[in-house]
Amino acid sequence: MPPLLRDPALAAASHSHSHLRALHAHLLVSGRLASPSHVAAFLASLASSSSPAHVAYARLILPRRPATLLAHNALLRALARGPRPRLAFAAFHDLPLPPDHYSLNFLVRAATALAAEAAASAAERASPELEVEVKLLAVSAHAAALRRGHAADPHVQSGVVSLYAALGDIAAARAAFAEIACPDLVCVTAMVRALAAGGDVDAARELFDGMPQRDHVAWNAMIAGYVHVGRSREALRLFDEMEKAGATIGEATLVSVLTACAQMGALDRGKWVHWFVRSHGMRVSVTIGTALVDMYSKCGAVAMAMEVFESMAERNVYTWTSAVSGLAMNGMGTECLELFRRMESAGVQPNGVTFVAVLRGCSMAGLVDEGRACFDSMKDKHGIVPWLEHYGCMVDLYGRSGRLDDAISFINAMPVEPHEGVWGALLNASRIHNNVELGKYAMDKLMAVESENDAAHVLLSNIYAESHNWKGVSRIRGMMKAKGVKKVPGWSAIEVDGKVHEFFVGGKSHPRYKQIEIMLAEMSRRLRLYGYIANTKEVLFDIEEEEKEDAISLHSEKLALAFGLITVPEGMEIRIVKNLRVCKDCHDYTKMISKVFNREIVMRDRNRFHHFKDGACSCKDYW
């Protein structure tokens with residue numbers, strides 16, 4: 001029997017008690033509730049509704065002295081899968097008969113859904129009390145299964161593994177899995193998902209590879225696990241294997257693949273996913289649409305991101321936030337603010353992540369007053385208490401614009417203890433404006449809360465190097481060595497014909513390095529004719545100028561750029577992803593390359609996008 005909520009009469013029913021009674025009477029008289037299974041289906045349809053009145057009416061008409069738990073379990077199942085899984089606990093306690101394995105399975109599912117909701121709420125800074133309450137409910141569900149003698153049921157067992165995974169308690173998930181004598185496909189898949197979600201992707205892969213059969217859920221869990229820990233390349237390789245194996249590719253798979261493409265800046269692969277969705281007649285849901293907006297934005301294809309955004313029939317707060325964030329990271333501060341105002345006008349309530357994106361957009365574009373107004377509106381207009389990230393964004397906003405005194409005053413007025421993001425923003429501002437004393441002050445504060453921050457050490461070294469304070473540079477290097485802090489090696493990646501090529505600073509291992517070397521020489525020759533002079537201020541060694549020029553000539557982005565000039569056809573953008581902030585010399589160098597070679601270049605560094613064209617950059621040298 002199909003869900004009765006799809007019945008036109010029920011769909012059109014108002015939320016009033018009298019109308020529901022009339023509908024119930026109609027179904028009784030028409031014989032549509034003639035059997036217990038039909039009653040169970042009706043109850044499930046009511047409980048699946050988003051209307052509290054429907055759920056309350058379902059509880060009201062439950063059989064009081066049933067011979068079986070068919071109707072009650074149908075209600076439990078619907079509540080566990082519905083928008084308010086917490087209600088399943090009350091329904092479980094009101095069972096008129098001892099719970100069976102179905103009852104316990106649905107209760108564990110409800111607890112898992114609650115744990116997943118709590119994990120999602122954690123990103124929104126939910127209260128610790130809620131987290132504790134959810135954990136207690138989850139443990140009570142497992143305890144009920146043990147107490148009632150149904151803990152050995154295969155579905156309950158796999159549910160318990162998933163439950164502890166949703167809680168983030170991987171040790172408990174492992175313990176629950178170890179108790180299963182002969183785990184079936186569902187149990188093993190649940191454990192793969194638990195390990196992958198918990199970050200132990202190697203253990204998850206070992207279990208995954210040992211599975212004689214794999215359903216699409218197992219494939220999705222493993223791919224999502226790789227994406228979760230940033231191992232995007234392996235996620236895409238596994239997706240290729242999944243496709244060859246003929247497994248069902250659905251929305252969950254494609255969202256993970258799009259996220260992997262976004263992490264790597266693999267635009268061609270992301271476009272293929274978009275083509276896959278259209279060619280297979282898949283609906284662009286809110287989830288897929290949001291993932292597409294995010295992928296295009298993080299690949300620097302802002303126009304494509306906004307085209308998807310504008311074409312979406314339905315958008316939620318995450319869709320709007322992805323679009324706002326995309327404009328921000330691409331340096332389009334004014335457009336970012338305009339979209340944020342559209343979001344407010346559309347009646348969509350922004351969340352804390354939205355405001356992080358807006359403030360970053362203002363910071364990237366130097367919109368200080370507008371950024372301050374947005375920050376003030378968080379609490380005054382939207383009732384959002386600022387997070388530490390918002391304070392860090394404000395310090396960055398003041399600092400980048402040169403208003404260092406305002407940045408310090410803002411820090412001193414903070415109602416919470418400044419964290420590493422605040423002091424890091426002040427340190428970066430000190431580098432931008434070459435304020436050595438302020439840099440030392442920010443560094444001391446930063447080291448008090450995060451002593452092993454490699455980027456902070458390098459930033460202060462840059463400040464010293466630019467002022468030719470080689471003793472200061474040497475002291476910072478000594479501090480790093482004493483603490484065991486190592487500078488993260490720089491790398492750049494470029495996608496050509498669907499394949500991602502990685503380059504490391506000074507690296508010569510690429511199969512086409514000889515051609516790259518010839519192109520580097522040609523680039524250098526032509527740029528010098530246009531007056532290029534290497535900017536060696538950020539070289540952290542007191543060596544001869546010629547040696548400094550040699551040191552920066554093999555930065556990873558220059559190697560990737562040379563490879564792009566060789567392989568990317570004229571008229572196509574050269575797209576480069578870099579793991580660190582681009583240095584001043586490479587930034588000036590790439591600007592000149594765009595003019596001399598008449599190429600458009602898009603570079604994503606750790607902070608933002610740089611769109612180079614005709615000798616200029618979208619950041620207006622403000623980064």
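Guide: Let us begin with Leu-97, which lies in the loop between helix H6 (87–93) and helix H7. Please bear in mind throughout that this is a predicted model.

Visitor: Why is Leu-97 called partly exposed?

Guide: The relative accessibility of Leu-97 is 29%. Buried means under 20% and exposed means over 50%, with partly exposed in between; Leu-97 therefore counts as partly exposed. Leaving aside neighbours within four places in sequence, Leu-97 is in contact with Pro-66, Ala-67, Thr-68 and Leu-69. The C-alpha atoms of Leu-97 and Glu-495 are separated by 62 Å, and these residues are 398 places apart along the chain.

Visitor: What makes Ser-103 a buried residue?

Guide: Ser-103 has a relative accessible area of 0%. The limit for buried is under 20%, so Ser-103 is classed as buried. Ser-103 lies in helix H7 (residues 101–122). Not counting residues up to four places away in sequence, Ser-103 touches Leu-69, Asn-73, Leu-76, Phe-92 and Leu-95.

Visitor: How many residues of the protein chain are there, and what share of them counts as buried?

Guide: The protein chain has 623 residues, of which 51% count as buried. The chain has 32 helices and 6 strands, and its C-alpha trace spans about 90 × 55 × 50 Å along the principal axes.

Visitor: What makes H29 roughly perpendicular to H31?

Guide: Helix H29 (residues 513–529) and helix H31 (residues 556–567) pack at an angle of about 100°, and their axes are 9 Å apart. The range from 65 to 115 degrees counts as roughly perpendicular, so H29 is roughly perpendicular to H31. Residues of H29 in the contact include Tyr-513, Ile-516 and Met-523, while those of H31 include Lys-558, Phe-563 and Ile-566. The contact of H29 with H31 has 11 nonpolar, 1 polar and 1 charged residues.

Visitor: How do you know that H23 is roughly parallel to H25?

Guide: The axes of helix H23 (residues 388–400) and helix H25 come within 8 Å and cross at roughly 10°. Angles under 35 degrees count as roughly parallel, and H23 is therefore roughly parallel to H25. Among the residues in this contact are Tyr-391 and Val-395 of H23 and Val-422 and Leu-426 of H25. The residues of the contact divide into 7 nonpolar, 4 polar and 2 charged.

Visitor: Where does Asp-497 lie, and why is Asp-497 called exposed?

Guide: Asp-497 lies in the loop between strand E1 (491–496) and strand E2 (499–504). The relative accessibility of Asp-497 is 77%; exposed means over 50%, so Asp-497 counts as exposed. The phi of Asp-497 is near 55°, a positive value in a residue other than glycine.

Visitor: How many disulfides does the structure hold, and why is Cys-336 too far from Cys-362 for a bond?

Guide: The structure holds 0 disulfides. A disulfide requires cysteine sulfur atoms within 2.5 Å; the sulfur of Cys-336 is 6.3 Å from the closest cysteine sulfur, in Cys-362, and this is therefore too far for a bond. Cys-619 is in no disulfide either, the nearest cysteine sulfur being that of Cys-617, 3.4 Å away. Cys-336 is buried, with a relative accessible area of 0%, and Cys-619 is buried at 4%.

Technical notes. Residues are numbered from 1 along each chain as its sequence is written. This is a predicted model: local features need pLDDT of at least 70, side-chain atom pairs count only at pLDDT 80 or more; totals for chains, interfaces and linings use all residues. Side-chain values use heavy atoms; hydrogens and water are left out. Buried means under 20% relative accessible area, exposed over 50%, partly exposed in between (1.4 Å probe, protein chains only). Helices (H or I, at least four residues) and strands (E, at least two) are DSSP runs, numbered from the N terminus. Axes are lines fitted to C-alpha atoms, for helices over the stretch in contact, and angles run from 0 to 180 degrees between N-to-C directions. Angles under 35 degrees count as roughly parallel, over 145 as roughly antiparallel, 65 to 115 as roughly perpendicular and the rest as oblique. Contact means heavy atoms within 4.5 Å. Ala, Val, Leu, Ile, Met, Phe, Trp, Tyr, Cys and Pro count as nonpolar, Asp, Glu, Lys and Arg as charged, and the others, Gly among them, as polar.
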